[in-house]
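Please open the model in your viewer and keep the selection panel at hand. The tour below goes from stop to stop, saying at each one what to select and what is found there.

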2 protein chains.
Amino acid sequence: MINWKNLNELSSFSKLNSLGAAVDITTALAGENGAKRVRNCTVPMACGLSYNYAAKAVDDTVLDALQALADEAQLTEKFEALYNGEVINTGEKRLVLHQLTRGQLGNDVVAEGVNKRSFYLEQQKKIADFAAKVHSGAVANAAGEKFTTVVQIGIGGSDLGPRAMYLALENWAKTNGCFRMEARFISNVDPDDAAAVIASVDLAHSLFILVSKSGTTLETLTNESFVKNALTKAGLDASKHMIAVTSETSPLAKSSDYLAAFFMDDYIGGRFSSTSSVGGAVLSLAFGPDIFERFLNGAAAEDKKAVEKDIRKNPAMLDALIGVYERNVLGFDATAVLPYSQALSHFPAHLQQADMESNGKSVNRFGDPVSYKTGPIIFGEPGTNGQHSFYQLLHQGTDIIPLQFIGFVDSQIGSDVDIQGSTSQKKLCANVAAQIVAFACGKKDENLNKNFKGGRPSSIIIGKQLTPESLGALLSHFENKIMFQGFAWNVNSFDQEGVQLGKVLAKKVLAHETDGALKEFSDLFEI
Amino acid sequence: MINWKNLNELSSFSKLNSLGAAVDITTALAGENGAKRVRNCTVPMACGLSYNYAAKAVDDTVLDALQALADEAQLTEKFEALYNGEVINTGEKRLVLHQLTRGQLGNDVVAEGVNKRSFYLEQQKKIADFAAKVHSGAVANAAGEKFTTVVQIGIGGSDLGPRAMYLALENWAKTNGCFRMEARFISNVDPDDAAAVIASVDLAHSLFILVSKSGTTLETLTNESFVKNALTKAGLDASKHMIAVTSETSPLAKSSDYLAAFFMDDYIGGRFSSTSSVGGAVLSLAFGPDIFERFLNGAAAEDKKAVEKDIRKNPAMLDALIGVYERNVLGFDATAVLPYSQALSHFPAHLQQADMESNGKSVNRFGDPVSYKTGPIIFGEPGTNGQHSFYQLLHQGTDIIPLQFIGFVDSQIGSDVDIQGSTSQKKLCANVAAQIVAFACGKKDENLNKNFKGGRPSSIIIGKQLTPESLGALLSHFENKIMFQGFAWNVNSFDQEGVQLGKVLAKKVLAHETDGALKEFSDLFEI
């Protein structure tokens, strides 16, 4: 029997709260004990990744309290209910099945008479077959020439995740001989976005993927028209250059406007759709279906880690609960995501959506206000770039901001130079190692302008290399972290009612049905 | 006589503090009074821009208190001291002269016997002459063919600002027939960054700009070697494909490794260097020196607005002080920058550095700890993309995050489609107008999951179009806002000691001079 209780109703949270700021990281990381701590505070993940929390302000007392919280909040049981097909998205009365797109953790899930795992596999296979035809030239343009470029038209979850995953694997795929098609992305309703992308591609050899679950997203339909106009102007048959990824019930599903349609359903939230057809179409076309499958396998392997009850063996749950401790006991309001990997340049923007749209809520899953802080601000840039940007504030600013580092031993391309006795890759790794210690331990200086207080907590996920598998595992880790935090805060992480009001008012503006301040602002824009 | 006092030592701040949260924006923006408020709360900027603060929680009482704060903190006098060449950067004992790169607001500034305005103009002219030669083919590759691509190698301020400015004008320049060369950027020490950029350009027709004030930035020198190796491997003479932007005293200044060298000096901070040679070289090569000059003119025109004592007529100072009120009285910890313009896709990342590196400090300009919050977290993405990402948290999360919107009546490219009775550009503008009102006024709903509390403050900068001039004005606005906030917080906004410790520890890692936790983390990365 699952109890959905607010965080502050849990006795384990009162216990945790009473511990306060129990651990001084600076002391904990000092000397030989510090070295031991780094060795001990490692949790193995899938695909050769590991999660290290040595620089987090936790000790066994705090971890025991977090374990008690995990148990009392029934995090494992709630995850189990989710993957077994209960209605976890209470706001929209929907199942939450994104894990099922990459593996099956529990019972068969049947909805509307359909086995959902079979359905997702079937879509994956349909995409694989279609991609193979595009790659072979069996599906080609009117002149019988192969398509060379794929352009995804989508916004939010239909853009950020797939774009981040594409960029994460683009150079790996080029280096490993599995790069098939260049991918581009059109998202913004700003006409300059579509115009610039269209101007930069060879339309006659471009295949467009229209991605909209409902088939009604304003930005996406507008950009579709933009693209169709351009194709028509170029003397091309738009319907021979476009496929759709949508739900079976959408107006796009059976339209003759598309070469093919691939399906997702209401049980896959946009921000969790990278492993569904939404990511599958573009990634399978760009890199080949086998690479997409390897990415799914990585995610599935990491999902399995998330079923573990012991937080010390469940990196996503541990990461989630340390985050709750930092947010609700230590009072930190943001988390910086800092991948030391240029390939992950768009990963922070994807996590920003995945996390902030899921847990930026003020009511619990029953619609009652909560009295505690929920989802933090998520922001970040790749290192070492960030070091030359906002790290000043992270080191010496008046707020403490917990840090989530990501790093890899090897680069993707492998091309490197040796300068002053080390390669660029070693320099990159040396920097992330140095930053963890600099943030945690600081350094005393009589000149307070050069003084570093330390005590700034971080964790790091380390891997051998960013590959399709490890990228999948990384994505799964954060998706599951977000889910566990949502469970702990007792919010519904799977709806997004906060995006509606703006849409409603924008329609009023366009219909000229405004008065007062809204009319004045519209006038400023000459609408 | 200027007094440098901490914020909490000012009687005007005590007064401001006592006002607390004085204004309910929801009420203030309602009905006909709301319409009047939108009309009244507008401050003209240069180049057709205007700053509107109707949706900020301020009224005449708060504004009067902010004016008193501006006066007591001597913001105008401090700016005057700055542009007249006093040592404002006390930490590094340096003048702060970035405004002088685009105009002269006060007296002649002479340092080391050199009139600095003349020096900056001379560099601008040298770059213009060089760019003209590159464009005419007088400076060409070994085969006598024109260079087509320019690649900037730099990090932090030598990357973020110039990159954001280039992207902001790229499509405008293409549309207006002044696009000369494509620009690319290499910044990260991650070898995959340089390798990917090099693989994507035609080396024989590429001109590289090495940008490092000191000539010692590790990332930049490493990437220079990376590029030189690639040029040499391609059978090209690297010294004929590379120019330098550096200080006259740097080892790069008179090296035969470069076709030419252009200078900046210690009085231009990296994050404020877009209007110096650092931005000048790449922007003049990409778009022509006349376009770079128009950009400077826009910045100069906006700088003039910043000398005004009346905050109601000085948009940068007003924006700065509303920010101080929000940070130190209302307790908001972050600001989201939300440009409704795809061309400004990298502008938030640039402001993130400019702001967080400048004001993320815990000690005042004398090195004494301050007892109040200083620089907030800055993050953002272009709209409407952000609406489908993190706006959920902005609307319904448990923290209030002030918003800085930017929007333009017209797009840059001008290509558009009319769908459902409106163009994409009108939809874009309708969305930003709608969001301001949605955030401020909210909307009651019995279902609290669909309820919007409102009371979320924002301001907006509106312009006719993003052009070289309005981009310059926009940049100046934020640079001056940051400066005024630094003055109000009594911090030195022009040094960045917080970036040093990480560098020192990274060197130790690479020299294998580590023990304890640092050694363990290094081992995890196989260093």
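Begin by selecting His512(A), which sits in the loop between α17 (500-510) and α18 (516-524) of chain A; helices (H or I, at least four residues) and strands (E, at least two) are DSSP runs, numbered from the N terminus. This is a predicted model, in which local features need pLDDT of at least 70 and side-chain atom pairs count only at pLDDT 80 or more, while totals for chains, interfaces and linings use all residues. Residues are numbered from 1 along each chain as its sequence is written, chains are lettered from A and ligands numbered from 1 in the order in which they are written, and side-chain values use heavy atoms, with hydrogens and water left out.

His512(A) is not a glycine, yet its phi is positive, at about 55°. Most residues other than glycine have a negative phi, and most peptide bonds are trans. His512(A) is exposed, with a relative accessible area of 56% (buried means under 20% relative accessible area, exposed over 50%, partly exposed in between, with a 1.4 Å probe and protein chains only).

Select next Glu112(B), in the loop between β3 (110-111) and β4 (114-115) of chain B. Glu112(B), a residue other than glycine, also has a positive phi, near 45°, and it is exposed, with a relative accessible area of 65%.

Now turn to the cis peptide bonds. In chain A, the bond from Gly383(A) to Thr384(A) is cis, with omega near 5°, and Thr384(A) belongs to the loop between β11 (377-379) and α14 (391-396) of that chain. In chain B, a cis peptide bond with omega of about 5° joins Gly383(B) and Thr384(B), where Thr384(B) lies in the loop between β11 (377-379) and α14 (391-396) of chain B.

With both chains displayed, chain A can be laid on chain B with an RMSD of 0.0 Å by a turn of 180° and a shift of 0.0 Å along the axis, the copies being superposed by least squares on the C-alpha atoms of residues with pLDDT of at least 70 in both. That is the relation of a two-fold axis. To find the axis, select Phe379(A), whose C-alpha, at 3.3 Å, comes closest to it among the residues of chain A. Because 100% of the interface residues of chain A are also interface residues in chain B, the copies meet through the same surface.

For a view across the two chains, select α18 (516-524) of chain B, where the buried residues are Gly516(B), Ala517(B), Leu518(B), Glu520(B), Phe521(B) and Ser522(B). These buried residues pack against α3 (31-40), β2 (50-52), α15 (424-441) and β15 (458-463) of chain A, together with α17 (500-510) of chain B. Just after α18(B), Glu526(B) takes a positive phi of about 60°.

The last stop is Gly454(A), in the loop between α15 and β15 of chain A. Gly454(A) is buried, with a relative accessible area of 10%. Leaving aside neighbours within four places in sequence, Gly454(A) is in contact (heavy atoms within 4.5 Å) with Thr26(A), Ala438(A), Phe439(A), Ala440(A), Cys441(A) and Gly442(A).
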